[in-house]
Amino acid sequence: MSGVLARNHRLVVRIVLLQVACALIVASLFLVFKSAPAGLAALAGGLIVAVGSAVFGWRAFKPGIAGAAALSVAMYAGVALKWLWFAIALYVALARLRLEAEPLLIGLVAAQVGYWAGLMRFK
């Protein structure tokens, strides 16, 4: 694996792990202070975002070192797959599984904080 590919892989893994960690923290808080269904909903929301980021990273960085056209197509395909995943997962979580909306959305936002933290470089 070349240096660029390894760096991309590490970035995606770091972001996804931070998102899962944020989701676990928020889910634990809901579990302790509200209820088990609220904790499950918060965890589901965070995991929806983490899986979406993993799908995006997998598809966007799949071509490796390639031309601009191939990288653009990969990036657009990654974004499209991520949003398709979000739409389907949110539908299933809210309409089919009937998870609580408020903890689910707070879990989504908490996992997004993990995304922003993953993009920062700490030395």
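Helices (H or I, at least four residues) and strands (E, at least two) are DSSP runs, numbered from the N terminus. Leu84 has its place in helix H3. This is a predicted model, in which local features need pLDDT of at least 70, side-chain atom pairs count only at pLDDT 80 or more, and totals for chains, interfaces and linings use all residues. Residues are numbered from 1 along each chain as its sequence is written, and side-chain values use heavy atoms, with hydrogens and water left out.

**Overall build**
- The chain contains four helices and zero strands, in the order α-α-α-α from the N terminus.
- Along the principal axes, its C-alpha atoms fill a box of roughly 50 × 35 × 20 Å.
- Of the 123 residues in the chain, 33% are buried (under 20% relative accessible area, with a 1.4 Å probe and protein chains only).

**Nonpolar patch**
- Trp58, Leu81, Leu84, Ile88, Tyr91, Val92 and Leu97 make a nonpolar surface patch of about 690 Å².

**Ser53**
- Ser53 lies in helix H2, residues 36-60.
- Ser53 is buried, at a relative accessible area of 12%.
- Leaving out residues up to four places away in sequence, Ser53 touches Val12, Ile15, Val16, Gln19 and Tyr115 (contact means heavy atoms within 4.5 Å).

Conventions:
Patches are made of residues with over 30% relative accessible area and no salt bridge: like charges are joined within 9 Å, nonpolar side chains (Val, Leu, Ile, Met, Phe, Trp, Tyr) within 5 Å. Accessible areas come from the Shrake-Rupley method with a 1.4 Å probe; for residues, only the protein chains shown count as cover. A salt bridge is a side-chain nitrogen of Lys or Arg within 4 Å of a carboxyl oxygen of Asp or Glu. Buried means under 20% relative accessible area, exposed over 50%, partly exposed in between (1.4 Å probe, protein chains only).
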